[in-house]
Each structure stands twice: as C-alpha cells, then as structure tokens.
Amino acid sequence: MPAKGGNPEEIIRVSLPPNAKLLSFSNSDGLGPIRWPPLFQRSGPVRVDGRLNYFLPLPIDDKTPLSWRSRIGSKIAEMMGKPDADSYHLAGWPEGYEFFMHVTSRPDGTKRGDPYLYGSRHTHKFRSANEFLPHAYWLLTTSTMNKSECQCRYCGGHKLQSDVNQAVLGAPPRITTQSKPPKSGSSPEKAMKARPTTFPSNSSSAPTRPRNSTRIKEPRVVFPLDKRKEPPMNLYSSRTRFTNLHEGNDFRDGEIVLILLPDPIISDDGVPIKFWPSWVADVEYRKIVERDIVAASFSTKEELYLVTKPLCTEGTVVKVPASLVLPFRAWVISKELQDRLVRVPLPPNFADTVTIPVFDPNDCLGKLLPGITFDLVAPYFALAVQTASHMDIYWSPMLRIDTPSSSRYPGTNYQGLWYGIERIWLHDLVRLKISHADLLSHERLSDLHTVMEGSETRTLFMRIHQITVVETITQEGLIPVCQIRGPIFCTIPDSKYEYKQGNLMSPQESQAYGSLHDADGNIFPLPHPPPGFQFIPVTFDDQEVTLQVALLAGRYYPKLFFTQCLDMAAIRHNYPLWWKVIASINGVMLGHFACADPRFLRWKRSEAAGLSLRKASED
C-alpha cells in the first residue's frame with residue numbers, strides 16, 4: 001500500500017477526534033526488534049547504489065498509522081457488536097510491534113513510501129490494515145494465544161488476501177470464469193477456430209461443451225464469534241507466560257544471552273572470544289535419534305534449541321542447543337580480553353556501519369565465515385557487549401491486566417516485566433538484592449521468620465504475586481514507580497539431598513515448598529532449589545511483602561552450576577569475583593553480587609534497544 005502524494009519522509013502528526021474510544025491490546029505475539037527491519041536500515045537514511053532504501057519508524061499519531069488504527073478499530077468494534085463502532089480506534093500496537101515506512105527512491109530521485117507493521121512472530125510483516133485486522137481481532141479476544149483461532153492470511157492458511165477480505169470483512173466475492181475472454185478486435189468464433197481441440201486416440205467420448213458459466217465462491221462467515229467462545233472477564237494468562245513458567249527453561253523469547261561459538265576467535269597473542277551476545281528469537285524442541293550398536297536398537301530424545309540473532313552481525317540466525325547458551329549476567333569479561341579489545345583500532349567506516357558478517361548465512365548452527373579474525377570482529381563484539389550492558393538500565397512493564405485497582409494496592413497491574421535484559425513473569429521466583437538480615441531490620445517486617453542455618457549469607461527469593469506501576473510524587477515530580485508483591489523464601493541445607501552427576505533433584509525429593517495457584521487456577525510449580533538446599537518460607541501463611549522493583553536482583557537460574565559452557569572448578573579457583581556472580585545467580589550467595597540496575601522506564605522495549613545501541617556506539 002504505497003503512500004500517495006507528498007514526501008514519504010515527512011511525519012504529519014494528527015490528533016484523535018474528541019469522541020474517540022480506544023481498544024487496547026492485553027495480549028501480544030510480538031518479539032520486538034529481532035522481528036523488525038535490520039538495525040542499519042532503520043537508524044537513518046541509507047543509500048544503496050545512490051538510491052534511498054531504509055525504514056523510517058512512524059510515531060503512533062502520524063497520519064498513516066492513525067488511518068490504520070481508525071479502520072481496524074472501527075471494524076473490530078463492529079465485529080464485537082459495540083454501539084457507535086465508528087468512534088473506536090486502536091490505542092496502539094501490540095507489545096513488540098513497530099510501524100515503519102519503507103522509503104525508496106528511483107534513479108530520477110522520485111521517492112516512494114510503503115507502510116508496514118513489523119513485530120509478529122507469525123509473519124515477517126503486515127502490508128495493509130486489512131491484513132492486520134483479523135490478527136488484531138484475535139489478539140484482542142483470545143484467551144489461549146493459539147494461532148489456529150486466528151483468521152488472518154498468515155495464521156489461517158489463506159492463500160489470498162481477497163479470501164480473507166471476503167470471509168472476515170464481508171467484501172464482495174471474487175468472480176472467476178472458466179475461460180479467458182477473447183482478445184479485443186477478435187470475434188468469439190475466430191478465437192474458437194484459432195484454438196483446435198485434440199482428444200486422445202483411445203477416447204470415444206464426444207467433445208464436452210465449454211463451461212462459460214460464472215462460479216461464485218460462497219462467503220464463509222467467521223465474525224462475530226459466538227458469545228460462548230469469548231474469553232471470561234479479567235482473564236490474564238498469556239500463552240507465552242504460561243509456557244515459560246511451566247517448562248522452566250532458563251531462556252525466554254526476547255532476552256539477551258551469550259551463545260558459545262563453535263570455534264573461539266583467537267587473537268595473535270592468544271586471547272579468545274568464546275561467546276557472542278545474542279537475542280533469543282524463539283525456543284524449539286528437536287528430536288534426536290540415538291543408535292545403540294550393542295543392543296541393535298534406536299532411541300529418541302528431545303533437545304531444547306534456541307533460535308538466536310547475534311547482535312551486530314547483520315541479522316544472521318543461529319540455532320544453538322540450550323546447553324551451549326549462558327545467561328548474559330553470568331559472564332564476567334576478563335581483564336586480558338578487555339585490554340586486548342581496547343588495543344584494536346576502529347575501522348574507518350565504523351561510525352556508519354554497526355554490523356559485520358560473522359556467521360555463515362548458509363549454516364544455521366553458528367559456523368564462522370572464512371577469514372574471520374580477532375581484529376576484524378573485535379570492535380563489533382565490543383559494541384554488542386556494550387549494547388547488552390546498556391539494556392540493563394531500562395525496565396518496561398508487559399501486558400496490562402484490566403482489573404480495577406484497590407485502595408490498598410493502587411496502580412495498574414501487569415502480567416510481566418522487562419527487567420534489563422531479562423523477562424520476568426507474574427508468579428516467577430526471582431532473586432532479591434537484600435539479605436534475610438536486611439529484611440528483618442525493617443521495623444514493619446520484624447515479625448517474619450528469623451535467620452536460620454546461615455540463610456543471611458544466601459539469596460533471598462520472592463514469588464511474585466503482583467506487578468504494579470503506581471504514580472509516585474518525588475522531588476522530580478510525578479513519576480511511575482514499579483512495585484512487586486509476594487511471599488518471601490530463603491534456603492537452608494537439605495539433609496536428604498544426594499548429588500547426582502548432571503541431574504538435579506526434583507522439588508518433591510528436595511522437600512521444596514509446594515506449588516502455588518494463580519487467580520485462574522493454573523498451577524505453577526516452584527523451580528528446583530539450589531543444589532544441596534531446600535526452600536523455606538520467610539513470610540507466614542497468606543503473608544506478602546511489597547517491595548520497590550529496584551530491590552529485585554534478577555531471574556534465578558537453578559541449573560547454572562551444571563552448564564557445559566564453563567569450567568566451574570577453574571572459575572572457583574582462579575576467578576573469585578566471577579565465582580561470586582555465578583553462585584549468586586544460582587542462589588547460594590547474596591543477590592547483590594549479580595544484579596541488574598534498571599533506573600529508567602521505557603514503555604516500549606524497542607525504544608530501550610535503540611537507546612542502548614546508540615549509547616554503546618557513543619562509548
């Protein structure tokens with residue numbers, strides 16, 4: 001849908017009409033910047049062979065996005081049976097989505113703009129408001145996030161957008177005929193003579209009469225949905241959150257992790273680059289067949305793979321076993337590597353190019369391109385590390401819960417929280433910065449369980465029952481502040497624990513505190529406790545503590561001690577600071593040894609990613 005008339009690079013802001021009503025997304029299938037156009041094409045005007053070819057992000061109140069929001073909102077309101085449907089607009093895009101104008105130019109300098117909506121995990125982009133409309137309806141009404149319920153072109157299996165328009169939007173049916181019309185200037189008789197008909201020699205049937213009758217495809221009514229199939233009120237269980245909490249995987253979509261390179265990139269003096277910072281684009285399971293030669297049999301097992309996009313590497317996709325992935329916060333850059341990176345001179349075009357080809361695009365398992373050297377990739381590796389580090393200063397709430405706030409707990413509730421580089425969900429078990437002793441020192445919390453068996457030296461945990469953003473008056477004015485609420489846990493030695501090589505004990509075997517239920521009755525079991533310990537509640541039954549999110553250290557990784565990426569014995573012996581970081585993330589040392597420090601709110605994670613890259617480039 002090209003922009004018509006005017007300059008496609010011009011941003012024209014338009015206000016909503018006074019009587020506008022808004023529809024807000026509480027669900028999203030967006031993956032953020034990893035599904036957007038390449039960063040170098042959306043960082044400013046880019047010319048290829050002298051022609052413009054870049055993506056201009058458009059604000060939500062630009063005339064083109066506003067036109068989409070108006071058309072989609074009014075149609076969805078009509079589908080939902082709302083009165084005065086024409087006054088409805090979309091309040092914005094789903095989380096992780098972004099609207100871009102693809103600006104190109106011809107050799108004569110004529111500019112063209114094509115608007116696209118990027119961000120969905122199910123398609124590369126939406127090309128028009130009609131394409132996105134059924135997908136938006138699905139996101140606004142689904143309670144399962146099962147894409148089979150969606151009737152858009154990409155989720156519903158339709159080959160043509162015209163079929164979607166007919167079934168969903170009530171557009172006139174597409175009329176097709178069996179034969180093409182004759183060319184202009186020729187009569188139907190001449191057209192028939194010019195096309196002799198032949199039949200197989202063994203055929204005894206007479207020629208069939210040509211079908212000139214028109215076929216009209218019967219429209220299939222999809223919307224509005226049956227009232228009985230609509231989700232119940234106040235239901236808040238996004239499919240992504242439900243899956244992340246149940247599967248208990250260490251890594252989640254949209255997080256920044258470190259992938260282990262198949263071959264380290266080593267400098268001339270022997271300093272290696274072993275890991276590369278990457279976005280997690282998706283999580284998938286692979287079935288691996290193993291052959292037992294002695295027993296002459298086969299067995300299968302499932303292995304978890306991460307689909308990642310390494311930072312600053314021109315959008316390459318690398319699939320890595322989860323066993324070869326490390327939480328970014330669990331890595332401490334060595335002084336040798338830091339000093340060696342500083343000595344590498346920047347390339348002449350580094351200010352204009354923030355990516356470099358590193359991985360072979362024909363090999364999705366992370367094979368390096370021929371000719372890759374330490375000095376060639378060092379500036380871009382340093383930029384990737386700095387970008388990930390800058391992400392740790394931002395926080396963003398995810399997926400608002402439309403429930404009325406109470407006088408006791410005012411504010412807006414959310415299903416999750418982007419906390420620096422990590423994704424934290426409601427009902428997650430998270431690490432706290434403060435110790436057990438610090439918690440008891442507060443005058444209003446002195447009635448909690450006292451310190452027991454060295455619990456003041458280990459991580460304190462919270463099971464998050466509520467994530468709330470409240471407006472708070474400060475010296476700087478009224479600012480949004482995030483609070484988390486839930487029961488507190490500590491750890492004590494488990495007398496029944498037996499170490500099993502490569503195998504953590506189950507929560508039942510280690511006497512961990514029992515599973516909890518959310519408001520919808522879903523069961524989310526606690527993760528494994530640290531090896532050799534068991535969870536013990538610090539708060540009494542039904543007692544919860546409210547903390548500022550600044551006291552949150554980050555996610556808890558119970559299986560980090562068993563990773564194949566690191567030599568734990570060597571780290572403990574040679575790198576005491578690094579060992580404290582790993583032990584903190586694994587829950588056996590205080591949380592402040594490995595913690596994020598998000599101080600700035602960015603309502604869109606995409607904005608935080610863009611600012612992080614910009615700050616890293618300046619550094």
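Reply: The charged end of arginine 605 sits over the ring of tryptophan 418, 3.8 Å from its centre; the term asks for NZ of Lys or CZ of Arg within 6 Å of the ring centre and within 35 degrees of the ring normal. Lysine 125 likewise places its charged end over the ring of tyrosine 116, 4.1 Å from the centre.

A word on the basis: this is a predicted model, where local features need pLDDT of at least 70 and side-chain atom pairs pLDDT 80 or more, while totals for chains, interfaces and linings use all residues. Numbering runs from 1 along each chain as its sequence is written, and side-chain values use heavy atoms, without hydrogens and water.

Now to rings meeting rings. The whole structure holds 22 aromatic pairs (Phe, Tyr or six-membered Trp rings with centres within 6.5 Å; planes under 30 degrees apart are stacked, over 60 edge-to-face, the rest tilted). One of them, phenylalanine 126 with tyrosine 154, is edge-to-face, at 5.8 Å centre to centre and 75° between the planes. Phenylalanine 126 lies in the loop between β6 (111–118) and α2 (129–141), and tyrosine 154 in the loop between α2 and α3 (161–169), so the pair ties together parts 28 residues apart in sequence. Phenylalanine 126 is buried at 0% relative accessible area, whereas tyrosine 154 is partly exposed at 23% (buried is under 20%, exposed over 50%, partly exposed in between, with a 1.4 Å probe and protein chains only). Both rings belong to a cluster linked by ring pairs, together with Phe25, Trp68, Trp93, Tyr97, Phe99 and Phe132.

Definitions and conventions: Helices (H or I, at least four residues) and strands (E, at least two) are DSSP runs, numbered from the N terminus.
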